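Please read the following report beside the sequence and the 3D view.

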Amino acid sequence: MPKDCFMEAGKLSQMLDGIVVPSQASRAVLGEQGFGTNGSRPEIRVIPHGIGPFLTGVADEPSVLSKICPREGCKLILCPSRVDEHKDVETFVEAAAQIKAAEPEMDLLFVIASHATDAQHEKVRKRAVDLGLIEERDVIFQDFLYKEMATVYRYAHVSVVPSRHESFGLTILESFLFGVPVVAANTSALREIVNNGANGLLFTDGAPSDLASQILRVLRDEELREVLKEGGRAAMHETGRYSSTAMVQAYETFYESILGA
């Protein structure tokens, strides 16, 4: 994750008794800055984000469905990510072009669930055009409302998280909830959530050819697809590690330890 992510915490470090971060990757960044080393204050506690099943109960939105399923039999490859530099959506676009070339007969639609007007966004859109991807036919850039994402996840065949830096990776949990196979970059907090081959696949971050290869594995191998779907559901439902209830309980325990110290 970005090295300056906790600078404000650093300014207040002498006033803090504890800092909560969502992953070991976040904790490592703080450790590099001298926080929580050798038992010093503030104490750093890792509490993973948790989510409830709210989205799974949201009905399909017809206007969204017409965008993401424009043709019968179309397979949706989702990138639920903002278009900014550390999210590395450009690698996703590069991989999309390689997949289209490898499987010209497969009807695929690459959906980037984000919209922006900044330079990075325009750079990615231009790169898609340069690679021969046609907007609205091959690739969609769309800023979906949170409730609309229920429809998007429900019809996705693969969910891709290409970020080079993440403090956690909430979209992975959302994908798990909907039974969508996940392909994520082997970096930062993402590899703490994704157990390669069990509940998702990892690819070398910044490597479009490896990302394309892993997505194609999921598209071509129905047995693998089912393994990953079940692994994701198990990560959410059987361990309870990523439930909103577990997160609240962990925070309460941490507050009690700080207040009782």
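Axes are lines fitted to C-alpha atoms, for helices over the stretch in contact, and angles run from 0 to 180 degrees between N-to-C directions. Helices (H or I, at least four residues) and strands (E, at least two) are DSSP runs, numbered from the N terminus. The model is predicted, so that local features need pLDDT of at least 70 and side-chain atom pairs count only at pLDDT 80 or more, whereas totals for chains, interfaces and linings use all residues. Residues are numbered from 1 along each chain as its sequence is written, and side-chain values use heavy atoms, with hydrogens and water left out.

The axes of α9 and α10 come within 5 Å and cross at roughly 100°, which makes α9 roughly perpendicular to α10 (a term for angles of 65 to 115 degrees). The contact (heavy atoms within 4.5 Å) involves Arg 217, Val 218 and Arg 220 of α9, together with Glu 222, Leu 224, Arg 225 and Leu 228 of α10.

Six strands, paired in parallel, form an open sheet in the order β5-β4-β3-β6-β7-β8, where pairing requires at least two DSSP bridges between two strands. Strand β3 (residues 75-79) is joined to β6 (residues 156-161) by three bridges, and Ile 77 has Val 158 as its bridge partner in β6.

| Helix | Strands touched or crossed | Angle |
|---|---|---|
| α9 (residues 208-220) | touches β3, β4, β6, β7 and β8 | about 160° with β8 |

Definitions and conventions:
Parallel < 35°, antiparallel > 145°, perpendicular 65-115°, else oblique.
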